[in-house]
Structures are given as C-alpha cells and as structure tokens.
Amino acid sequence: GWDEGAVYYSDQAQFPESGSDATPSRHTILRKFKEFIRNFEADKNVFPYRESLVNNPRSLLVHLEDLLAFDAELPSLLRSSPSDYLPLFETAAAEVLQSLRLKEQGESGEMKEPETREVQILLSSKEDPVSMRLLGAQYISKLIKISGITISASRVKAKATYVSLVCKNCQSTREVPCRPGLGGAIVPRSCDHVPQTGEEPCPIDPWIVVPDKSKYVDQQTLKMQENPEDVPTGELPRNMLLSVDRHLVQKIVPGTRLTIIGIYSIFQAAASQRGAVAVRQPYIRVVGIEEINEASSRGHAAFTVEEVEEFKKFASRTDAYEVICSQIAPSIFGEENVKKAVACLLFGGSRKSLPDGVKLRGDINVLLLGDPSTAKSQFLKFVEKTAPVAVYTSGKGSSAAGLTASVIRDNSTREFYLEGGAMVLADGGVVCIDEFDKMRPEDRVAIHEAMEQQTISIAKAGITTVLNSRTSVLAAANPPSGRYDDLKTAQENIDLQTTILSRFDLIFIVKDKRDYGRDKIIASHIIRVHASADRTSSNGRAPKEENWLKRYIKYCRTECHPRLSESASSRLQNEYVRFRQDMRKQANETGEASAVPITVRQLEAIIRLSEALAKMKMSHVATEADVVEAVNLFKVSTVEAAQSGINQQVTLTPEIKQAETQIKRRLGIGMRISERKLIDELARMGMNESIVRRALIVMHQRDEIEYKHERRVIVRK
C-alpha cells in the first residue's frame with residue numbers, strides 16, 4: 001500500500017542517533033512544557049498554572065521546584081541554556097493559552113479563533129542567591145540568582161524584537177530577529193534577490209531599516225548594588241547592570257531590595273578600547289524578580305518551626321525584657337537606660353496608615369549626647385551589627401546627597417538617573433550617624449523629612465520623585481565645647497536646632513562622672529573584657545547569641561504590630577498633660593523656653609516606645625505597664641536633658657558680686673579678652689573659678705558682655 005499517497009512519518013526523537021545521552025528535540029521539550037502548564041497539579045484537581053494563565057494572560061510565574069517535581073530534566077535544561085529554552089517555554093504558554101480561550105466573535109459576526117498573544121514567563125526559585133563577587137566566566141549564559149539593592153533605574157526604552165528591512169535597490173522586504181536583552185540584530189550583507197536580464201544587481205549592504213514596521217517591547221536598565229551588610233570591610237560595593245523587559249518594567253524604584261533570577265549575559269560596550277575586540281561587559285537579563293519587603297530584608301524571613309516555638313517560649317517568659325536588655329552591648333558597663341532605649345529602637349513601634357492616606361511612623365530615633373569615651377560609638381557599632389539592616393556613617397564624611405539621594409548623569413546615554421544614599425539604602429532598618437554635631441547645618445536639614453515623614457523628595461535636573469526611607473536614626477554627638485559643661489545652660493550644651501531635636505524620641509545626656517567606686521568597677525570590667533576577649537570568641541557561643549537576637553528582632557518586626565489598650569491610652573494622656581505643665585512652669589520660673597521642647601511628637605514617641613516594649617514580649621496589646629516603663633525611659637532621657645545644666649536664675653551671692661566688680665575693672669567697655677586668660681588672672685587674685693564663671697553667666701544674661709569665636713573670647717559692651 002505504499003502507492004496510495006498516504007504520508008508516513010516517524011518521530012526521530014524517540015530514536016536518538018548518538019546513544020541515550022543526547023538532548024531531546026525541541027519538539028519534545030515544547031510538548032513537555034505544554035503538558036506541564038496544562039496538567040501540573042498543586043493539590044487534587046487544582047491546576048495553578050492553567051488557572052493563572054486564564055486569569056492573567058500576559059505573564060506566568062513558574063516555580064522551578066514545581067517544574068522539577070513534574071519533570072527532572074526540564075529545570076536542568078533551563079539552567080544550562082536558558083536563552084534557548086525560555087523562548088520555547090513562552091511559545092508553549094502562548095499555544096496553551098490559545099487552546100484554553102473560547103472563540104471570539106469577529107466584526108462580520110462569525111466565530112473565529114482568538115489571536116495568539118505573547119506570554120512572558122517569569123521564573124522563581126527557593127535556592128540561595130549567589131554572591132555578586134563570585135560571578136565569573138563559568139556563569140555566562142547560565143541561569144543565576146543574586147540579591148542586592150537597586151540604586152538607579154533608567155527611563156523605559158523601546159527595544160525591537162524584529163527589525164523590518166527593505167532593500168534600497170529592489171524594494172524587497174524581510175524581517176530579522178533581534179537578540180534579546182542588550183544585544184542587537186544581525187543585518188545580512190547582501191540581498192538574495194535574483195536580478196532579471198538587464199536589471200542591475202543589488203549592491204553589498206543594500207538593507208535599510210524601517211523603524212515603523214518593526215516590532216517592539218518595553219525595556220529598562222537597572223543598576224543593582226551589593227547589600228551593604230554583604231560588603232567585606234574596607235572594600236567598595238560591587239554593582240551589576242540589569243536589563244528588564246515587557247511586564248517587569250517600571251516595577252522597581254531605587255532603594256528597593258531585590259532577589260532576581262536572570263541570565264548572566266555579555267554585551268559589547270560602546271566605548272570599548274581599541275583592540276579589545278574579545279572583551280565584553282557582563283549584565284544580567286532578568287527573568288524573575290522577588291521584592292523583599294522591609295521586615296524580611298537580608299534574605300528570606302523563613303523561620304523554622306523550631307525557631308518559632310523557641311521565640312514564643314522566650315516571649316512568654318516574665319523577664320523577657322530584662323534578658324533582651326542584657327544582650328544589648330554586653331561589653332559596655334552600666335548605661336542600663338541607654339541599653340533599654342537601643343532595644344526599643346531595634347524592635348520599633350507599629351507603622352500606621354490612616355484612611356486619609358497619612359502614614360504615621362513606627363520607627364524610633366535616639367540621640368546620645370555627651371562626653372568623649374562614654375561608649376557612644378560602641379553602641380552605634382553594636383546596632384550596626386545587630387540590626388537586620390543597618391548603615392553606619394560619620395557626620396563629617398557624609399553630605400546631604402550622600403545621606404538622601406543624588407542625581408547622576410549616565411556617561412553613555414547622557415541622561416540623568418537617581419542614586420539612593422544611606423537613608424534610602426537602610427530602608428526598613430537603622431541609620432547610625434556618628435559625630436552628628438560635626439555635620440554641616442545644611443546637610444543636617446536634608447534628613448529632617450526622612451526622620452519624620454520617612455520619605456525623601458527629590459526635585460533635581462528634571463527628576464521629581466519620592467523615595468522611601470523608613471529608617472530609625474541612632475545619632476551620637478558631643479557638646480560644642482567637647483565635654484558636657486555643668487556650668488552652662490542646657491541650650492548652650494545641646495547646640496542643635498529645636499527642629500531636629502523634636503524629631504528624636506529619646507535624647508540621652510551621657511556624662512563621664514568622676515566617682516571613686518564607679519571608676520573602680522568600670523576599670524575592673526574593662527580589664528576583664530580585654531583579658532577574656534579571645535576565650536569567648538573561641539567558645540563559639542557569642543556569635544550564636546548575637547545571631548539569635550537578630551533573628552528574634554526580625555521575627556517580632558514581621559509578625560507583631562501592637563496597639564495601645566484603653567487603660568494605657570488614658571494613663572498616657574494624663575502623663576503627657578503633666579509633662580507639658582511641668583515644662584510651662586519651668587519656663588515661667590526661668591523666663592526662657594526649655595532647650596528640648598515637649599511637643600505632640602514626644603507624645604507619639606511615648607506611644608512608639610510602649611508598642612516597642614509590647615513587641616519584645618510578642619504581645620499584640622500595649623498595656624499600662626508598658627506605658628509606665630516608656631514614660632520612665634522618657635523621663636530619664638528627654639525630660640532630664642531639658643532640665644540639665646545650671647538653672648538660668650543664678651542667685652547673686654556676695655562672692656559673685658565681688659567677682660563681677662573685678663571683671664568690670666579688668667575689662668573696659670569695648671575691650672576683648674580670652675575667657676581662659678580672664679579666669680586665670682582672677683584665680684591668681686584668689687577667686688574661685690566656678691564663682692567667676694557664674695558671674696560671667698549673670699553678666700551675659702544682662703547683656704553686659706558678649707561671647708565671640710565659639711565662646712572663647714569675651715567682649716565688654
């Protein structure tokens with residue numbers, strides 16, 4: 001029956017030519033992909049990919065673990081040569097979608113098959129990301145997963161998928177496919193038109209591109225930088241160029257933490273050196289994005305069941321708060337109140353979104369102000385290591401643009417793009433700013449908005465945008481004279497503007513008290529720390545404890561969002577009113593407003609502290625006991641700071657009057673003298689230094705003398 005005209009064929013893929021290890025044909029792979037989308041069951045009679053494709057026909061998110069469960073061969077093919085098999089997967093998805101959709105009614109009324117639409121396949125995987133520093137030549141054209149933080153995003157451009165060409169001689173047309181990502185199209189050198197007799201043959205390079213008839217997709221380039229906590233000490237963070245297309249464009253703003261799956265590719269840089277033909281720049285063509293939310297930054301917040309049980313068991317202990325405070329900077333002696341404040345800062349309050357769109361911050365800001373060598377920077381370094389996300393910066397070495405965001409011009413495209421600074425990079429974490437008082441005032445103003453509204457607004461070089469900076473700020477500062485001077489008023493010691501002070505929930509004045517007993521204990525503690533430093537690290541227990549605290553903080557921040565109870569609210573209201581009355585009374589007595597204002601922001605600060613204390617115990621309600629503890633913390637920090645220093649009203653004793661007379665004799669009107677020199681001269685005459693200082697304060701209040709050059713020089717008026 002061979003001559004009946006029937007068509008016989010055999011599927012050659014079943015009989016591979018070179019043994020059994022040859023890769024299956026593209027047709028077989030296409031069939032397998034189709035079967036996977038149609039027939040993969042998550043549960044009994046639940047077909048997630050089929051349903052997802054019908055509900056969202058533009059893109060399909062595929063988990064590589066599901067693909068592995070369906071067919072062990074497919075994920076390995078995708079990983080080894082993704083640029084070959086991903087288009088095949090997308091073709092399979094488009095064909096399945098066409099078969100799933102009903103016939104549509106045409107313009108003339110008859111039913112016709114629906115048009116084939118492109119489907120974008122997005123991949124996701126639960127494997128651990130690779131470090132950006134380890135990406136080498138062995139990963140080229142392979143599927144990889146990396147995590148980092150986006151620092152800039154370009155404008156959206158149109159990228160041709162098919163370029164339409166026309167021959168300038170014979171007008172014949174053809175379509176040439178474009179390489180995906182940052183690759184271009186390969187235009188043929190000659191036209192394949194056969195000339196007729198008497199017709200002029202087509203020359204070399206006859207093709208002209210017709211942009212209007214070409215097919216395009218959206219494309220955007222992102223710049224991703226290593227997470228700040230993954231950068232080795234003393235090295236610059238690496239960054240990588242990412243290319244996203246179609247439905248992934250305009251999804252990411254600078255400052256977002258991401259984990260991406262993509263194809264590690266190479267492209268020829270435009271401005272490459274002459275002769276460097278074989279050198280190519282690497283970039284990643286993104287095929288899947290997982291956005292990491294603020295709570296689960298630094299990898300996945302995947303807590304094991306045992307860990308969750310341990311956390312809950314710990315939270316139910318009565319002394320949970322004390323244990324957490326004891327684990328905050330254990331190498332620092334004393335300073336219990338500062339440790340409690342740092343614990344509250346690490347856990348944070350609850351962010352709230354009101355119905356009218358106003359957002360209330362839940363992050364707590366703390367300022368440590370005081371003498372040198374009181375372990376302020378050590379607290380900052382501890383928080384940098386312990387907080388899930390932290391950025392450490394110093395006041396003198398940071399500018400306004402470095403803290404918020406800067407606008408940079410791209411060398412190749414000459415267009416402006418945004419690059420996030422420290423406050424943006426630490427979104428969902430803590431920014432530690434050392435030497436806060438050494439910052440230039442105009443730079444300090446830049447972080448006002450970030451500290452209260454938790455956003456950074458940019459309007460530069462034609463870019464107008466708002467970036468998130470949901471961060472806590474832990475700042476350390478020295479008074480203007482270097483040491484905290486008890487003979488000066490609070491205003492003179494805390495030389496910061498009221499606007500920035502009111503944004504700090506807690507302000508601690510850390511003094512280096514000279515006390516024989518205390519000094520002896522501190523000395524023995526420091527000697528013990530130095531002596532036993534190596535032993536604890538070799539034991540291996542300390543890193544585990546530190547890691548446990550970090551995991552516990554992350555878990556509490558993710559799972560627990562407490563609110564105030566009724567009794568706690570009424571208690572808080574009474575306490576706040578009493579604070580305001582005390583401050584008013586103090587202002588009436590001294591005739592001058594306090595250096596640290598008590599405003600509604602401070603009431604919100606106590607609410608946040610109460611929520612943070614409840615969060616440590618994993619309680620969903622902040623009780624009256626939490627409010628009492630928060631008020632105590634507020635009293636020993638901010639209220640004490642407001643009442644610190646000597647009172648403005650100095651009682652005039654005979655000694656002070658005598659000192660005044662001597663000062664007036666020594667200083668004629670309009671004369672100027674160094675304060676130190678004046679005090680030394682009067683001390684030689686047998687007068688007490690503190691009495692001379694008090695006399696100067698009284699004269700300064702009466703406007704009889706004036707201070708110049710950072711209070712070093714006195715001028716008699």
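This is a predicted model: local features need pLDDT of at least 70, side-chain atom pairs count only at pLDDT 80 or more; totals for chains, interfaces and linings use all residues.
**View 1. Helix 8 is mostly covered by the rest of the protein chain.** Across the protein, 45% of the 717 residues count as buried.

**View 2. Helix 8 from end to end, plus what follows.** The helix covers residues 336-347. From its first C-alpha to its last it reaches 17 Å, close to the 16 Å expected at 1.5 Å a residue. Just after the helix, look for G348, which takes a positive phi of about 75 degrees.

**View 3. Helix 8 packs with helix 9.** Helix 9 is made of residues 376-386, and the two helices pack at an angle of about 30 degrees with their axes 11 Å apart. Angles under 35 degrees count as roughly parallel, so helix 8 is roughly parallel to helix 9. Their crossing is right-handed. Which residues meet here? From helix 8 come V338, K339, V342, L345 and L346, and from helix 9 come F379, V383 and T386. Sort this contact by class and you get 6 nonpolar residues, 1 polar and 1 charged.

**View 4. Helix 8 crosses helix 20.** Helix 20 spans residues 600-616, and its axis comes within 9 Å of the axis of helix 8. How are the two helices angled? They cross at roughly 80 degrees. Anything from 65 to 115 degrees counts as roughly perpendicular, and that's why helix 8 and helix 20 get this label. On the helix 8 side, A343, C344 and F347 make the contact. On the helix 20 side, look for L609, A612, L613, K615 and M616. By class, this contact has 7 nonpolar residues, no polar ones and 1 charged.

**View 5. Zooming out to the whole protein.** How many helices and strands are there? The protein has 24 helices and 27 strands. Now take its contacts with a separation of 6 or more: 71% of them are between residues 24 or more positions apart. The contact between helix 8 and helix 20 brings together parts of the chain such as F347 and L609.

Note on methods: Residues are numbered from 1 along each chain as its sequence is written. Side-chain values use heavy atoms; hydrogens and water are left out. Axes are lines fitted to C-alpha atoms, for helices over the stretch in contact, and angles run from 0 to 180 degrees between N-to-C directions. Helices (H or I, at least four residues) and strands (E, at least two) are DSSP runs, numbered from the N terminus. Angles under 35 degrees count as roughly parallel, over 145 as roughly antiparallel, 65 to 115 as roughly perpendicular and the rest as oblique. A crossing is left-handed if the near helix is turned anticlockwise from the far one by less than a right angle, and right-handed if clockwise. Contact means heavy atoms within 4.5 Å. Ala, Val, Leu, Ile, Met, Phe, Trp, Tyr, Cys and Pro count as nonpolar, Asp, Glu, Lys and Arg as charged, and the others, Gly among them, as polar. The expected span of a helix is 1.5 Å times one less than its number of residues. Buried means under 20% relative accessible area, exposed over 50%, partly exposed in between (1.4 Å probe, protein chains only).
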